[in-house]
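Student: Please take me through this model by question and answer, starting with the terms.

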Amino acid sequence: MSILISKSTRLIVQGITGRDGSFHTQKMIDYGTNIVGGTSPGKGGTSVLGVPVFNTVYDAVEKTEANTSVIFVPARLAADAIMEAADAGIKLIVCISEGMPTLDAIKAYRYSQQKGSVLIGPNCPGLMSPDECLVGILPAQIFKKGNIGVISRSGTLTYEVVYQLTANGMGQSSAVGMGGDPVVGLYFCELLQMFQDDPETEGIVMIGEIGGNAEELAAEYIKNI
């Protein structure tokens, strides 16, 4: 069983007309992700790779019933993109954008919480549920469906660990790249609980990174569950 995303995910791509947005849209489509729309102000009514483009997230949600968004916009616009998605009723927001100012991240994270949205990122590679759905920039070819949950602050180490798991016959239930910025959305403790509650996840790999006390807090959390 997957966490957060599945075949029922209805995804929009904020920044779909940009270089990175269109490139990774194709990768996600190739994997089978249900991309129902994209946004790019001023380009509503056009399409990218057969995906309809809307001027705003609100328009996209109204027309497509999207429930998830992935953000490929410049760092200076990322906070507004997160808050726009939350305001439009998107329940899961995945922000790939790198270099987002910390104060912007604090504001956007708090706003998404108030709106009842779940945020992953910023500065993250996204998440994957093998044979179900890919949201982000993770390399699909290294994943295999199985019962190991993966949580990581590091994008590159996510790829390395998943590759080694797959090579040794251990598939993954879901893998989540949280991002390594000082302020991000879902973190170790929340994700550990999600995997703990998933009946098909039998083991968890947790990958930390230098800086902060997130790993220590996670260790304390694990002791108490």
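Tutor: Two strands pair if DSSP finds at least two bridges between them; strands (E, at least two residues) and helices (H or I, at least four) are DSSP runs numbered from the N terminus. The model is predicted, with local features requiring pLDDT of at least 70 and side-chain atom pairs pLDDT 80 or more, while totals for chains, interfaces and linings use all residues. Residues are numbered from 1 along each chain as its sequence is written, and side-chain values use heavy atoms, without hydrogens or water.

Student: In what order do the strands of the open sheet of 5 strands lie?

Tutor: The edge strands, each pairing on one side only, are β9 (133-136) and β12 (203-207). Neighbouring strands in this sheet are turned against each other by 15 degrees on average, direction ignored. The pairing is mixed, and the order is β9-β8-β11-β10-β12.

Student: Over how many bridges do β8 and β9 pair?

Tutor: Their hairpin has 3 residues between the strands, and D131 there adopts a positive phi near 65 degrees. Across the pair, S129 stands opposite C133 of β9. The sense is antiparallel, and the number of bridges is 4.

Student: Which residue of β12 stands opposite S152?

Tutor: β10 (residues 145-152) pairs with β12 in the parallel sense over 5 bridges. The residue opposite S152 in β12 is I207.

Student: At about what angle does α6 run to β10?

Tutor: Axes are lines fitted to C-alpha atoms, for helices over the stretch in contact (heavy atoms within 4.5 Å), and angles between N-to-C directions run from 0 to 180 degrees. Helix α1 (residues 19-31) lies across β8 (126-129) and β9, at about 170 degrees to β9. Helix α6 lies across β10, β11 (172-177) and β12, and its angle to β10 is about 165 degrees.

Student: With which residues beyond four places in sequence is I120 in contact?

Tutor: I120 belongs to the group of residues touching the most other members of the largest core. Leaving aside neighbours within four places, its contacts are L4, L92, I93, V94, C95, L127, V176, G177, M178 and L186.

Student: At roughly what angle do the axes of α3 and α4 cross?

Tutor: In α3 (residues 75-87), the buried residues are A75, A78, A79, A81, I82, M83, A85 and A86. They pack against β1 (11-14), α2 (57-64), β5 (68-71), β6 (92-95), α4 (102-114) and β7 (118-120). Between the two helices, A79, I82, M83, A86 and D87 of α3 meet D104, K107, A108, Y111 and S112 of α4. The two axes come within 9 Å, and their crossing angle is roughly 5 degrees.

Student: Is I210 buried or exposed?

Tutor: I210 lies in the loop between β12 and α7 (214-223). Its C-alpha is separated by 9.4 Å from that of R153, 57 residues away along the chain. I210 has a relative accessible area of 85%, and because values over 50% count as exposed, I210 is exposed.

Notes:
Core = buried A, V, L, I, M, F, W, Y, C linked by side-chain atoms within 4.5 Å. Buried < 20%, exposed > 50% of the residue type's maximum accessible area, 1.4 Å probe, protein only. Expected span 1.5 Å × (residues − 1).
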